[in-house]
Amino acid sequence: MLEDIVHILPQELKAIIYHLPMEVKHSLEEIRIRENRPLEISHRGSFHYATEQGKLVLDPRQAYQPSHEQCRKLLERITNYSLYAMEEELRRGYITIAGGHRIGIAGRTILDGGSVRGIRDIGGFNIRIAREVVGAAKQLLPKLFAGPGGSLQSTLMISPPQQGKTTMLRDVARSLSYGSHGKQLPMKVAIVDERSEIAASVRGIPSFDVGPRTDVMDACPKAEGMMMLLRSMSPDVIIVDEIGRVEDALAIREAAHCGVKVIATAHAYDVQEVLGRSEIRGLIQEKAFGSIVELKRSQHGFMHRIIAVDRLLEHSRQNSGFFSLSRKAGS
Amino acid sequence: MIVQALMMIKLLGAVLILFAGTAIGFVQASFYVNRSKQLRQLIHALQRLETEIDYGQTELPTALIKSSEGIEQPVSRLFTLTAELLTAEQELSMNEAWQQAIHQVWDVTSLRAREKEVLLRMGSVLGMSNAEDQLKHLQLAQIQLKSEEALAREEQQRYANMWRSLGTLGAILIVILMV
């Protein structure tokens with residue numbers, strides 16, 4: 001797994017990463033490279049600077065400082081010597097490399113009529129190590145088949161950031177595509193991967209195993225991607241990350257009309273908060289989603305709580321209705 | 001008998017000198033012919049590279065190999081060698097790989113120092129800016145190479161024929177002097 005990362009690093013940095021303590025190497029989360037400034041390593045939630053010998057220290061003065069030459073070489077290797085072919089990635093601010101790792105970049109932006117057209121004079125890199133957790137959704141999967149006759153239900157997964165939404169979504173896609181959950185035959189899965197996070201495609205080919213019957217629309221706006229996939233790939237289920245805009249809601253309705261299930265995620269701490277977002281509230285009221293899953297990551301792995309939308313609607317009717325719920329979330 | 005044998009040897013020598021002279025003339029002439037031919041191929045390759053970068057958005061190692069297709073050795077070697085050096089494990093930067101390829105290939109070509117300068121300058125920016133900027137640099141290099149090519153063609157017309165006849169004529173002169 002580290003091979004993909006080490007492969008792109010210039011010699012000096014490669015040696016440092018190679019000499020890091022074993023347990024750090026295994027729990028590596030980010031390598032932050034800033035030109036002529038201390039080399040930072042973050043692992044399992046904490047951070048350190050790294051010295052030339054690969055020792056971890058907290059004093060930035062002892063840390064190794066990558067040179068201009070090294071940063072330039074790193075950039076060349078990340079872009080495969082072809083910055084010109086990365087204009088879209090530079091506008092987004094990150095590049096996905098083989099293995100699904102994402103490299104965030106910072107530097108001086110080029111503006112075009114007030115909007116960012118790209119980045120030049122790149123002086124900061126944040127290499128984020130991607131880890132695939134096969135089987136993350138094992139517990140959750142059987143509960144998604146709560147529709148009539150044990151069929152798959154459209155599901156909205158919610159959680160705060162950094163709690164494993166994307167990891168979970170990826171494993172759901174993979175399991176449905178393989179049919180490994182044992183509930184149903186392998187399904188045709190379509191992923192709209194606007195931020196190249198779910199499948200981490202490199203040149204259109206997924207870096208992660210997302211299953212044999214999965215099609216990925218990479219770097220595509222969600223709503224448009226969903227419509228394209230509905231028309232072109234006849235999926236059984238569409239997987240999409242971070243919904244919330246008006247267009248997204250329209251596309252999800254369209255999918256529901258076609259009988260295609262949607263498994264989507266949204267940023268929110270709990271059901272109350274997600275109901276405060278009008279587009280998503282609308283979808284829930286229309287029962288475009290059969291259930292909502294709250295996700296949390298604890299030390300023991302992924303935790304989830306499933307809320308059936310029918311029950312939720314019933315509950316809110318008996319109490320003072322949806323709007324009191326949403327007001328509570330807003331306050 | 002002996003006189004006849006001597007005559008034969010003299011004749012043989014004369015023929016050899018004639019051959020050698022003509023060959024020297026042709027080699028000198030071929031330098032001019034090759035130079036303008038290689039310049040032309042270089043320009044073609046850069047045009048192709050331009051298309052690959054602009055419309056194709058092809059990544060540089062592949063773009064270099066594609067540009068080398070359809071042109072002849074040793075110019076094509078310049079591009080394939082750079083691509084090979086880039087994908088090798090040595091971790092060369094683009095500029096270093098390009099420089100190394102030029103130094104390795106240059107002596108086999110009929111190209112001169114002026115073209116070398118143009119190519120080296122181009123290599124220092126290749127790949128490392130947006131498409132628009134890349135095109136500007138590639139076009140600048142092409143303009144410079146084209147003016148070299150015009151000069152080379154002029155020289156070819158003037159000197160290639162001259163060397164061809166000079167070789168033979170020189171050889172005849174030597175033969176006459178010796179006889």
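**Ground rules**

I number residues from 1 along each chain as its sequence is written, and chains are lettered from A and ligands numbered from 1 in the order in which they are written. Since the model is predicted, local features need pLDDT of at least 70, side-chain atom pairs count only at pLDDT 80 or more, and totals for chains, interfaces and linings use all residues; side-chain values use heavy atoms, with hydrogens and water left out.

**Entry 1: the antiparallel sheet of chain A**

I began with the strands (DSSP runs of E, at least two residues, numbered from the N terminus; helices are runs of H or I, at least four residues). Seven of them make an open, antiparallel sheet in chain A, ordered β4-β3-β2-β1-β7-β6-β5. Two strands count as paired if DSSP finds at least two bridges between them. At the edges I found β4 (56-57) and β5 (94-96), each pairing on one side only. A reminder to myself: strands of a sheet pair through backbone hydrogen bonds, either parallel or antiparallel.

I then looked at β6 (residues 102-112) and β7 (residues 115-128) of chain A, which are antiparallel and share 10 bridges. In that pair, I103(A) has I127(A) of β7(A) as its bridge partner.

**Entry 2: H48(A)**

Where does H48(A) sit? I found H48(A) in strand β3 (residues 46-50) of chain A. Beyond four places in sequence, the contacts (heavy atoms within 4.5 Å) of H48(A) are L39(A), E40(A), I41(A), H43(A), L56(A), V57(A) and L58(A). The side chains of H48(A) and H43(A) also make a polar contact of 3.1 Å. For that term I need a pair of N or O atoms within 3.5 Å; within protein, one must be able to donate a hydrogen and the other to accept it, and residues adjacent in sequence count only if both atoms are side-chain atoms. I also checked V116(A), 68 residues along the chain from H48(A): their C-alpha atoms are 32 Å apart.

Buried means under 20% relative accessible area, exposed over 50% and partly exposed in between, with a 1.4 Å probe and protein chains only.

Strand β9 (residues 189-193) of chain A runs parallel to β13(A) over four bridges, and V189(A) stands opposite V237(A). Strand β14 (residues 261-267) of chain A is also parallel to β13(A), again with four bridges, and here V240(A) faces A264(A). From β13(A) the chain passes through helix α9 (residues 246-257) to β14(A) in a right-handed β-α-β crossover. Right-handed here means that, with the strands pointing away from the viewer, the path from the first strand over the helix to the second runs clockwise.

**Entry 3: T265(A)**

Is T265(A) buried or exposed? T265(A), in strand β14 of chain A, is buried at a relative accessible area of 0%. A polar atom of the T265(A) side chain lies 2.9 Å from the backbone nitrogen of E242(A).

**Entry 4: chain B**

How many helices and strands does chain B have? I counted six helices and zero strands. The radius of gyration, taken over C-alpha atoms, is 23 Å, well over the 16 Å of the globule rule for 179 residues, so chain B is more spread out than a compact globule. That rule is 2.2 Å times the number of residues to the power 0.38. The C-alpha trace of chain B spans about 80 × 35 × 25 Å along its principal axes, and 41% of its residues are buried.

N80(A) follows helix α4 (residues 68-78) of chain A and has a positive phi, near 55 degrees.

Last, I checked E52(B) in helix α1 of chain B. E52(B) is buried, with a relative accessible area of 10%, and its contacts beyond four places in sequence are Q57(B), T58(B), A63(B) and K66(B).
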